[in-house]
Amino acid sequence: MTQAVSVDADAPPGRGQGRPWLTLLAVSLGVIMVMLDGTVVAIANPVIQVELKATLSDLQWVTSGYLLALAVFLITAGKLGDLFGHKRVFLAGVAGFALTSLAIGLSSSVGMLIALRVLQGLFGALLQPAALALLRSAFPAERLNMAMGAWGAIIGLSSAGGPIIGGLLVENVSWQSVFFVNVPVGAAALAFGLWALRESRAQALSRVDWLGVLLLSVAMFDLVWAIIKAPSWGWGDVRTLAFLAATVVFGALFVFWQSRVREPLLPLSLFRNASVSIGTVLMILMAFSMFGAMFFLTFFFQGVHGLTPLDSGLRMLPMSAGMIVASPIAGLLIGKLGPKITIAGGMVISAVAMFLMSRLSVEAAFADTAIPFVLLAFGLSPVFVGATEIIVGNAPEELSGVAGGVQNSAMQVGGALGTAILGAIVSARVADVLPGHLGPAAAAVPPEQMGLLEAAASVGAAPPGTGPLAKVLADASHLSFMDGLHLGFLVSTAVALLAAALALFVRAGRKTEGAPVHLG
């Protein structure tokens, strides 16, 4: 029996019947908070390393712990929005993210910081798929690409401001202040969202598939944990293999359970649409290429070049600012050309940008990084905008929250993969070439100190000291880091080209509008 689902009195069902532009502004305020957090944390990493005596592994966990929580919880969060209301879940995520940011700013150890970043990731998972679902329900289908382009421009603006705000705060206040900035932004997003957003719910209230949540969470955790720990354990280590095997086992159990349970967490029918499946893989590859490679650029600017946090933010400004212009253009191009050509072309441009960054030298000037940054902005924007078209747009509207969770989860898994795998590649390359760059000076470095020198070189840092030997060690550290960085960007180039080829197999989302939401 088919039954129409009613929602709150102020929220007529169907697409394009909410408050489109107020909804766009409200969800953008929430996502701006997340984007600010991402860019300012990257700027703060080198200072956190010094003040909290953090290792490269610790810093990777500051990023990867957050990504791990997002990856594990995003699909569940999307389902909760579908069941209990996207507005409620979005506002809960905003409030929790802001409060957790406050707690992070008050933390005094790297262990506490990492734990709170994981909690922050859980709240971030609540608001991201809900934001996409709210946009899809508020805008008519033919205007969704335009809305996503505007949304991308707003996010680009926040990303552009993030490095500058982060640099000013780290340089003149403290690294903790980069988290405190989320509190007023979160308060504004919460207040405006309470007023502007209309509740939408795609399904009648029902029970949550908690066994599905458990199985998926364990599988996702095992996968990302294995990837993060593999660089230190070794890819052939029994512990790495055990977690990867557990991923396969729990993943298979999850798929089996989803095919049997009456109300699944993630209906497998969603992936019968080839564009949804390919789009998910595309998001993983895009995030792998971008997040993994960009992780090391702040160390290049601050470690190798010796720039201040503010100057580092200014060096990264062309990419963030470029997205302000590129995102609306991407929305228009996807509307005219469709996602296939636009996204494939964007990934080719991204590959060119990554290749140019693989040729950076120790003395690279502003223009040497600004040109590939601008190219990267115009290359990645079609992917960000088009992801909603090919994943959320191709999913049934009653699964829009789950589809948004799949999209964001794929991005976070790709980011964790990129950070861990490219981090391992860079570190291995540094260890391989460092003795050669040291030359005869290698004999003057005690064996027990070589490991410390390798760790410093992996983040572009130079060991403390003065005199001729100290300069030789610093030069060797910087050159070794650059060799590792070059290899990391070459791998990212190859991954971006693979993503471009996959994009040729996707198609545009369904152009349905105004139909009431039904349940079978």
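Asp432 and Arg429 lie three residues apart in helix H16 (residues 400-438), so about one helical turn separates them; helices here are DSSP runs of H or I with at least four residues, numbered from the N terminus. Their side chains form a salt bridge at 3.7 Å, N to O, the term denoting a side-chain nitrogen of Lys or Arg within 4 Å of a carboxyl oxygen of Asp or Glu. Asp432 is exposed, at 55% relative accessible area, whereas Arg429 is partly exposed at 32% (buried, under 20%; exposed, over 50%; partly exposed, in between; 1.4 Å probe, protein chains only).

The model is predicted, with local features requiring pLDDT of at least 70 and side-chain atom pairs pLDDT 80 or more, while totals for chains, interfaces and linings use all residues. Residues are numbered from 1 along each chain as its sequence is written, and side-chain values use heavy atoms, without hydrogens and water.

Two salt bridges are found in the whole structure. Arg239 pairs with Asp237, with the closest N and O atoms 3.0 Å apart. Arg239 is partly exposed, at 41% relative accessible area, and Asp237 is buried at 19%.

A nonpolar surface patch of about 870 Å² includes Val325, Ile349, Phe378 and Phe505. Patch residues have over 30% relative accessible area and no salt bridge, with nonpolar side chains (Val, Leu, Ile, Met, Phe, Trp, Tyr) joined within 5 Å and like charges within 9 Å; areas follow the Shrake-Rupley method with a 1.4 Å probe, and for residues only the protein chains shown count as cover. Helices H13 (317-337), H14 (339-357) and H15 (366-392) each supply at least two residues, and H13 gives the most, with four. Phe378, in helix H15, is partly exposed at 34% relative accessibility.
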